[in-house]
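The following exercises concern the protein chain shown below. Each task is followed by a solution in steps.

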Amino acid sequence: MSASATPTPAAGGRFFTGFTKLCKGLAVILFLAHILVHLFPSAATYLTLIPARTIPFAWNLVTAGYIEQTIPGVIVSIVGLLLFGKVLEPLWGAKELLKFIFIVNLSTSACVFVTTIVLYYITQEESYLYTPVSGFYGVLSGLLVGIKQILPDQELNLFVLKISAKWIPSIVAFISVAVSFFIKESMSYLPIILFGSYMSWIYLRYFQRRLEVGLKGDPSDEFSFSSFFPGFLRPILDPIASIFHKLFCGRSARPEGTGQTLDGSQFPGSGSIEANRRSRERGQRALEQRLAEKLAAVRNAEGTPPPKQQQKQREDAEDDASDEV
């Protein structure tokens, strides 16, 4: 076998490297939780979200998100966590990513709990109270929303389609709703996915502190609630979204990060524009850095020197030729 044939696996393996310690640790927790539930099925009673038992076992609002009861579910959750975390953690930091995961997981479980209680009182169906609900899909949906915020214009190759990252959360939500009409078992995952997307947007839109620009939340139009939907629906959705804006911001809403001149006066609205620009630039720089690292790894594996080394080799060859002359 020729030497040129060996680099292919190493280069391809680069896709599965570079994962952060935080995401690896959480992936181990997901795997161990899955094993625990399979070895001791009774543990699911105390760890999954069962609305009728949540009042005495309130901790399942936290633990339910880390319990994947199926093998495909745990595989998708681990792979998604490692890949999405590799994109977000270099930009947010490990502490902020862990905080984001905790908040999205807890708020998603709380929303699912309230929804099931309401559905029970409306329908009087006890299945809403005693059906175990669990899964990491809410956090995965939230991580997709985070990628939409940071790299909205990045194109992803999905089979034969090229889709902008900003549409991925919406597509996932739409597919989940459509599948739930045909596969009854997927209905239990639907509220987790939808609430995960919505609660992550609430946090990123209004509460996440962005120290690099001195802002709280992301007030840009590119990250508005209506940006998750096609353009023709936005005139209908914007008035509805404004209700939630007033709910979270109140009358005291003001741009916290407005730009300032040298004398201390402010340019109204310039803070959100500047924050949006800096956030996009950081995301793009991080993406370019990762692509450069992968390209360098491929060149090293193939024995091809980088451009600077190639130029140096050419100069040395020219010097040797001139010496011989």
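A residue is buried under 20% relative accessible area, exposed over 50% and partly exposed in between (1.4 Å probe, protein chains only). The model is predicted: local features need pLDDT of at least 70, side-chain atom pairs count only at pLDDT 80 or more, and totals for chains, interfaces and linings use all residues. Residues are numbered from 1 along each chain as its sequence is written, and side-chain values use heavy atoms, without hydrogens and water.

**Exercise 1.** State what share of the 325 residues of the protein chain counts as buried, and describe the chain's helices and strands.

Solution. Step 1: of the 325 residues, 39% count as buried. Step 2: the protein chain has 13 helices and six strands. These are DSSP runs (helices: H or I, at least four residues; strands: E, at least two), numbered from the N terminus.

**Exercise 2.** Determine whether Asn105 is buried or exposed, and list its contacts.

Solution. Step 1: Asn105 belongs to helix α6 (residues 94-123). Step 2: Asn105 counts as buried because its relative accessibility is 5%. Step 3: a contact means heavy atoms within 4.5 Å. Beyond its neighbours within four places in sequence, Asn105 is in contact with Leu61, Val62, Gly65, Tyr66 and Val139.

**Exercise 3.** Locate Leu194 and classify its accessibility.

Solution. Step 1: Leu194 is found in helix α10 (residues 190-206). Step 2: because its relative accessibility is 33%, Leu194 counts as partly exposed.
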